[in-house]
Each structure stands twice: as structure tokens, then as C-alpha cells.
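Subject: Two-chain model, handover and notes

Hello,

Here is the structure we talked about, with the notes I made while going through it. Please read the notes alongside the coordinates.

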Amino acid sequence: MSDLTSLTIADAREGLRKKSFSARELTEAHIKAVEKARALNCFVTETPEIALKGAEEADKRIAAGSARALEGIPLGIKDLFCTKGVLTTAGSHILDGFQPPYESTVTRNLFDAGVVMLGKLNMDEFAMGSSNETSYHKPVINPWRRKGSNTPLVPGGSSGGSAASVAGRLVLGATGTDTGGSIRQPAAVTGIVGIKPTYGRCSRWGIVAFASSLDQAGPMARTVRDCAILMKTMASHDPMDSTSVDLPVPDYEAAMTGDIKGLKVGIPKEYRIDGMPPEIEELWQKGIQWLKDAGATMVDVSLPHTKYALPAYYIVAPAEASSNLARYDGVRFGLRVPGKDIISMYENTRAAGFGREVQRRVLIGTYVLSAGYYDAYYLKAQKLRTLIARDFEDAYKKCDVLLTPATPGPAFGIAEKTDDPIAMYLNDVFTVTVNLAGLPGISVPAGLNREGLPLGLQLIGKAFDEATLFRVGEVLEKAAGPLPRPTPWWEV
Amino acid sequence: MSVDKNTVKRVARLARIALPEERLAPMADELNAILKWVEQLNEVDTSKVEPMTSVVKVSLKMRDDVVTDGERAGDVVKNAPLGEDNYFAVPKVVE
């Protein structure tokens, strides 16, 4: 039954309803795929017992005619989402053994709709990274390899386990989170679809906090429609998160009409950056042509403050992280390393529990927030955010949606970029502006490069207009055609 | 603005992260590289710009000032590395 792992969520939903296969068969096929793919290191925790129990319940419901929206659909959950009674580490040593006594709102929404959880997915520590190499649980390996090469490649990050497990057909879909590009960048370099919704669309309650004004959860799956299906269930207003918005969640699938005639697509000139590989420029031009062929009109727009987005992000995100991560003190949960007094216990715990990148960011954040520096750094960066958001507002006076590359290049080799933090940060150059402005963005696979590696295009929408992203995203997806399946070299 | 070893030591103390002496200088270099890079923000005149305080334009909701949750001491201390009788245990802080 291995072909069950190649289904889309839409097809699986249909097959389950028609009883072409049972939820148990579907789940078992995925459990087997997960077991065979341990070389990819996608999972921090596999939960086959929980999955089988969920599948059993799903089969009962389907038999009784009371199937819910995502009944029996096997997903992976990024290890940043608190799952009641199931180890949740956020990719960090400091959360050793942490079993949340509560469920995050997003996973609660999914489980209440019948989702079957296959396990918790590996990620960069506290979602700080663009290659999944900062995980305490070791890097995730990208299912894709360069043509004729065995070099292990990164799956992007921070939602690297999510991206690799979806691309490798271990799960039908996964949850991700995106603070600076952590859904869209790994989706692009693993050849899948990922959307970061508008800030406030999904509740952040129960998601381990990184940078609270930027963090947002979203779905990752193999088709635009599958992301639309998951998004409908993940999004909700939640009294537990005061920044979650009380707006109706549209029927995103219904919005996917395939019709984009007359749509105005903005092409921001500042996204043509120095040193951008020609294959990225070519891909962008292809995307422009595809949308033109479908009846859309291209409009040149300018987002003049784009180049300041990454530096502003690397003030705001570490500042908020240094504050959010203050709670890891060796007292309430996770790791504790003794010291001669309580202060040295805190210091020893945090020195042993946080990895290098997390320590670097906590220190940067602490520094920029420290007495005398607040105005020069954090306040300055928040002012830049206002200007960046204003750039988008001005652009949307002339267009409905923006088209850009998703990443400045394809997946790179393990350890190729770990020596230079800023070179690593540049992977998010096309995605980070969207977080700073709180807007929605989707990454859609747009083909393979000459080395046989997937590349993605990004669509950026107006606030709360995810529906347009799904509609245009599907048009891009169709024009690009389906990607081949990565050869399952990892199977044992 | 650039940071030296002593600043790193002070910031690490504020952040409650024990940094061994031999890591202070390399960390200062790493932080300086990042701080130098973010200094390009100074190219932009922001004297007449308000800082962003709310990411999307919504006003926060009010709710009734009533107790909605509680009586969960067991849940709260469940993950503590050290504790007793629904208390967290820490090294002695008063003589």
C-alpha cells in the first residue's frame, strides 16, 4: 500500500469517504514510511501508538457517517507546538523531557477535526536557523540530492523536519511556523508548498515563542489545495491569544477558481538583488510569463526599504527572543544544571541548554535592549518596520498581489554555511519583509534547476487575503507542472 | 558602537548565560559582525516615523475581569526538574 503515501490530502479525504481504504491502512502506510526514513532525521519523536488510536477513531466515525473535516489524515507536527503529554523540545536541549500539560490551539483545532499525529518534527533550535543545522537533535537531511551526487543537503529551516517529511512522503502534510521565512524557505528548497498566513490568523497559544510580533503558524503540504484545506482548520480566533483576529475564516478551497484574468501582479524591483544567481532570475521571469498567460497583468512596483528588512529583523527577533527565552531557568521545566547558588544554576543551565546560535541571539537581544541602547537599536528597527509596512501599502494601491523568488538559491550542503551567521541569515532575504509587515506569503514549487534541485516562487498578499494567494498559487502550480518525486535513496 | 570582552561578560551576566573566559573574545567578534551589519539602518532618516507597535490593524479585545482558570498546581509543577508538594525547589536564596 506504499502508494497511499503519495496521495494528496484532497485525494486521501476522498478515498477515506468513499471507503477505498481505511484510516488504519493510510496511517500504517505512513508509519512504515516514517520507520524506513530515519536516515532523514525528520522526527524528534515518533508517535505510532497515538496515530493508530487516532486512525481507529477515524474509521469508527467514517463508518458512522460522522467524519470531520480532516478525519483520518496523517500529519506531522513541528516540535514547536505544545502537544499534551507528548515530548515537546523546540529542537533544544533545554526542554529535555518537557511534556506539556496542555495542547496548542492550532494542534487542538487539527485533532478536533480528526487529524492523526504521526509524530513531532525536527527543527532549528527555537526556530532560529535557516538550515535545520542548529537543532539539538542533529540536522534533518533533504530528500533531494544534486544530480549524480550523494552530498547530503539541508532541507532549509527552521521547519526543516516538516518540509523534508512532506517532500519525502512520510506525512501528507505538516504544521510549520514562520518568523522570518521558516515555512516558505524550507518549502521552496524541498519542492513543496508552504504558507505563512497574516499575523493573527492562527493562534500562537501553545506554540513555543521565539519572536512574538513575528511568529505565525501555517501549513506545509505537497499541493496548494492541500495547504488551503489545512489552513481552513488551523486558523481561528482564540481568546487565549489576544493578537489572534476575530475574522471569519474563508472557504479557501472555494476561492481557488483558477481564474486570475485581470489580476494585477506587482513585481518589486528591489528583489533583484546583487549576486542573485541567473537561475533565480530565470525562474522569476518564467513565473511572470505563467501569470501573464493566465490573463494577469504585471505592474512594476517599488518597495524601497527592502534592503533594511534583514538588519531590522536581526534586531527585533533577537530582542524579543531574549525576553521570551528568559523563562528557561532550570526551575519550571526541562534541563537543570546545578551551580553554587541560584544565579550560577541559571547560568549553567542556560549555557548547557542553549546551542551556539541561540546563545548568540539571546546575547544580541539582551545587548540591544540594555540600558542606553534601546532607542538606537530596537526603536530604530521598529521605525524601519513602519516604513517597510508602508512600502507594501503603497504597492498595493497599484496591484493585488506580489510575485518574487522564494529563496536566493537552492538547497545547499550540510555545514556549507555554518561558519558565517550573516551568510546564513541571507537565505531569508525574500521572505523576512513579509513577517516584518505581518502579511501573508506562500511559496509554490516552480521547477527544478540544472542540478535537479527544486526552486520556489513566492506570492505576497494583502493582510488577511490568503484566499488570493491560494487562487494565484494554484495557477502557478499548474503552469509549473508536477515535480518528480525525489528518489527514495534513504529507504532501508 | 562595538562591544569588547567586558561588555560581552556583562551582557552574558544579564542574560544569565555562563560564558567561559575563552569564548568571550570570539563572541565579541561575532556580535560585532552582526552589530556592524545592522548599523546600515542609520542610513535611513526615521526622525518623523512612528515605531510599529501593532503588526496588524486590530484593536485588542476586552473581556470580563473574572477568573477563568486555576486550581492546577499539579499541572504547573509537573515538569519541574526538582520540586516537592506542588512547590518548585531552588538552591537556597536567603541565609
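**Chain A overall**

In chain A, 63% of the 492 residues are buried. Please keep in mind that this is a predicted model. The secondary structure of the chain consists of 16 helices and 11 strands. Its C-alpha trace spans about 65 × 55 × 50 Å along the principal axes. The radius of gyration is 21 Å, which agrees with the value near 23 Å that a compact globule of 492 residues would have. Of the contacts in chain A with a separation of 6 or more, 77% are between residues 24 or more positions apart.

One helix in chain A is worth a look for its burial. Helix H7, residues 224-234, has 11 of its 11 residues buried.

**Chain B overall**

Chain B has three helices and two strands, and from the N terminus on they run α-α-α-β-β. The radius of gyration of chain B is 23 Å, well over the 12 Å that the globule rule gives for 95 residues, so the chain is more spread out than a compact globule. The C-alpha trace of chain B spans about 55 × 45 × 25 Å along its principal axes. Buried residues make up 19% of the 95 residues in this chain.

**The core**

The largest nonpolar core has 173 residues, and the members that touch the most others are A:Leu75, A:Ile315 and B:Leu31. Helix H10 of chain A, residues 309-324, contributes the largest share of this core, with 10 residues. As general background, nonpolar side chains in soluble globular proteins tend to be buried together.

What does A:Ile315 touch, leaving aside its neighbours within four places in sequence? Its contacts are A:Val368, A:Tyr377, A:Tyr378 and A:Ala381 in chain A, and B:Val38 in chain B.

**Where the chains meet**

The contact between the chains takes 53 residues from chain A and 40 residues from chain B. On the chain A side, the elements that give two or more residues are H10, H11 (342-353), H12 (356-369), H13 (375-395) and H14 (421-425). H13(A) gives the most, with 10 residues. By class, the side of chain A that touches chain B has 29 nonpolar, 14 polar and 10 charged residues.

One helix pair across this contact can be described in more detail. H12(A) and helix H1 of chain B, residues 5-14, pack at an angle of about 95 degrees, with their axes 9 Å apart. Angles of 65 to 115 degrees count as roughly perpendicular, and H12(A) and H1(B) are therefore roughly perpendicular to each other. In this pair, A:Leu363, A:Thr366 and A:Tyr367 of H12(A) meet B:Val11, B:Ala12 and B:Leu14 of H1(B). The residues of this helix contact divide into five nonpolar, one polar and no charged.

**Individual residues in chain A**

A:Gly353 is found in helix H11. Is A:Gly353 buried or exposed? With 25 other C-beta atoms within 10 Å, A:Gly353 is buried, the cut-off for burial being 20 or more. Not counting residues up to four places away in sequence, A:Gly353 touches A:Ser92, A:His93, A:Ile94, A:Tyr328, A:Gly334 and A:Leu335. The C-alpha atoms of A:Gly353 and A:Val106 are separated by 27 Å, and the two residues are 247 residues apart along the chain.

Most residues other than glycine have a negative phi, and most peptide bonds are trans.

- A:Asn41 is not a glycine but has a positive phi of about 60 degrees. A:Asn41 lies in the loop between helix H2 (23-36) and strand E1 (43-46) and is buried, with 20 other C-beta atoms within 10 Å.
- A:Ala415 also has a positive phi, near 70 degrees. A:Ala415 sits in the loop between strand E9 (401-405) and H14 and is exposed, with 12 other C-beta atoms within 10 Å.
- The peptide bond from A:Gly157 to A:Ser158 is cis, with omega near 10 degrees. A:Ser158 is in the loop between strand E3 (116-121) and helix H5 (160-167).

Regards

Technical notes
Residues are numbered from 1 along each chain as its sequence is written. Chains are lettered from A and ligands numbered from 1 in the order in which they are written. This is a predicted model: local features need pLDDT of at least 70, side-chain atom pairs count only at pLDDT 80 or more; totals for chains, interfaces and linings use all residues. A nonpolar core is a set of buried Ala, Val, Leu, Ile, Met, Phe, Trp, Tyr and Cys residues joined through C-beta atoms within 7 Å. Helices (H or I, at least four residues) and strands (E, at least two) are DSSP runs, numbered from the N terminus. Two residues are in contact if their C-beta atoms, placed from the backbone, lie within 7 Å. The radius of gyration is taken over C-alpha atoms; the globule rule is 2.2 Å times the number of residues to the power 0.38. Ala, Val, Leu, Ile, Met, Phe, Trp, Tyr, Cys and Pro count as nonpolar, Asp, Glu, Lys and Arg as charged, and the others, Gly among them, as polar. Axes are lines fitted to C-alpha atoms, for helices over the stretch in contact, and angles run from 0 to 180 degrees between N-to-C directions. Angles under 35 degrees count as roughly parallel, over 145 as roughly antiparallel, 65 to 115 as roughly perpendicular and the rest as oblique.
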